[in-house]
Amino acid sequence: MTMDTSMRKRWKRMVFSALDRPGVLSVLNRIDLRPNRLRVLVYHRIDEADRGQCILDPDVVSVGPQTLDEQMGYLTRYYRVISCQELQSALLAGKPLPAGAALVTFDDGYRDFLTAAWPVLQRWGIPAVLFVATGYVGNTGHLFWWDRLYQGLVRTTRQELLVPGLGRLPLESAPQRQAALVELKRHLVSIAHREAMALVDQVLEALDVVPEPGEVFLTWDELRELSAAGITIAAHTRTHPILAQLSAEEAREEIVGAQEDLRRELGQAWPIFCYPNGRPGTYNGQVMGILRAAGFVAAFTMIRGMNVVGKTEPLAFRRLGDDPDMTRFRLHLTGIYGAYMEAKYLFTGPRQ
């Protein structure tokens, strides 16, 4: 007999509650004593997810500003937050990372990094990394494709949508529209990029909605100010495509082109990279080969887990975060969670 979903959730809450105690957490952190242990936290948008009241997809919201402040406070109290320079020294010069090393990263380049995340990072003195899709920097006429779809599904008066490859998607209620968005996003990252972007345009035409762009991305001037203040600005491609769905030439243009944009506008381009989407199947050996040839020393995925510098493939670093639950946040930082994820991947492979 298998345990039903609600029982599994209750069991997990009980286990988390038992483990989420200062003394227990301290012991759990000592379970893995290997040197160069690296936790990499990932965030996307920092905002309050108010579905239906925003022009941007609320599913991209990681946490609100208050939760980010609580998480960063906890991180600086119990761990050693490192800079990109320290990571680069560990990778290139073999300089060991300190015990409890943690790197904080943000993806995409939305303006709420400046308005909501940056004040928190300043408060706690955290040297974060911001990965930007350079083709969208300062671009007031564009949105990421998932934000365009979100607007279309929220604002349309259509009651259903017919999508090639998915069939009919009902749109009569808010839950149905949210389910349609999830199905569309899952489908779009599985097909060739050009085909996917054409399908987004077709869907918006069928929904009879013209998305409202707004000023949602950071500008180059803002990025220059952030860089001068200590934020590491790094490449997240130019237009945020799924790199495994591109030809080698197209992938190289996205990767190397983003580095050229950063070097031209900021005067430097760090040799670190973040894969769009970053889940298994969205990057491959061909993409990693392009990164190596271009001189990148590290690249970050969305596969959950920790890293050991010198053992973990540096072009496939795992990350943690994107979770507003403080209990899970604290437990995911511990050594026991890293050991659990490594054991899990041995049998199942990375799935998230």
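## A crossing of two helices

Helix α10 passes helix α11 in a right-handed crossing, where a crossing counts as right-handed if the near helix is turned clockwise from the far one by less than a right angle, and as left-handed if anticlockwise. The two helices, α10 (residues 248-266) and α11 (residues 285-293), pack at an angle of about 45° with their axes 10 Å apart; the axes are lines fitted to C-alpha atoms over the stretch in contact, and angles run from 0 to 180 degrees between N-to-C directions. That angle makes α10 oblique to α11, since angles under 35 degrees count as roughly parallel, those over 145 as roughly antiparallel, those from 65 to 115 as roughly perpendicular and the rest as oblique. On the α10 side the contact (heavy atoms within 4.5 Å) is made by Ala248, Ala251, Arg252 and Ile255, and on the α11 side by Gln286, Val287, Ile290 and Leu291.

This is a predicted model, in which local features need pLDDT of at least 70 and side-chain atom pairs count only at pLDDT 80 or more, while totals for chains, interfaces and linings use all residues. Residues are numbered from 1 along each chain as its sequence is written, and side-chain values use heavy atoms, with hydrogens and water left out.

## Overall make-up

Of the 352 residues in the protein, 50% are buried; buried means under 20% relative accessible area, exposed means over 50%, and partly exposed lies in between, with a 1.4 Å probe and protein chains only. Among the contacts in the protein with a separation of 6 or more, 70% are between residues 24 or more positions apart.

The largest nonpolar core has 59 residues, a nonpolar core being a set of buried Ala, Val, Leu, Ile, Met, Phe, Trp, Tyr and Cys residues joined through side-chain atoms within 4.5 Å. Its largest share, 6 residues, comes from helix α5 (residues 112-124). Tyr43, Met72, Val104, Phe106, Leu130, Leu223 and Tyr275 have the most contacts inside this core. When residues up to four places away in sequence are not counted, the residues that Phe106 touches include Tyr43, Ile46, Leu68, Phe113, Leu121 and Leu130.

A second, separate core has 30 residues, including Phe144, Leu184, Ile191 and Val209.

## Charged side chains

The structure holds 21 salt bridges, each a side-chain nitrogen of Lys or Arg within 4 Å of a carboxyl oxygen of Asp or Glu. In one of them the side chains of Asp47 and Arg45 meet at 3.1 Å, N to O; Asp47 is partly exposed, with a relative accessible area of 30%, whereas Arg45 is buried at 2%. Another joins Arg148 and Asp201, whose closest N and O atoms are 2.9 Å apart, and this pair links distant parts of the chain, with Arg148 in helix α6 (residues 145-155) and Asp201 in helix α8 (residues 193-207), 53 residues apart. Both of these residues count as partly exposed, Arg148 at 22% relative accessibility and Asp201 at 40%.

The side chains of Glu250 and Arg194 also meet in a salt bridge, at 3.1 Å, N to O. Glu250 lies in α10 and Arg194 in α8, so the pair ties together parts that are 56 residues apart in sequence. Glu250 is partly exposed at 27%, while Arg194 is exposed at 65%. Elsewhere, Asp221, Arg224, Arg238, Glu253, Asp261, Arg264 and Glu265 are linked in a network of salt bridges.

Lys185, placed in helix α7 (residues 174-188), counts as buried at 18% relative accessibility. Apart from residues up to four places away in sequence, Lys185 touches Asp57, Asp59, Trp145 and Trp146.

## Two residues with positive phi

Most residues other than glycine have a negative phi. Asn277, although not a glycine, has a positive phi of about 70°; Asn277 lies in the loop between β10 (272-274) and α11 and is partly exposed, with a relative accessible area of 22%. Asp322, also not a glycine, has a positive phi of about 55°. The place of Asp322 is the loop between β13 (317-321) and α12 (326-332), and at 28% relative accessibility Asp322 counts as partly exposed.

How values were computed. Helices (H or I, at least four residues) and strands (E, at least two) are DSSP runs, numbered from the N terminus.
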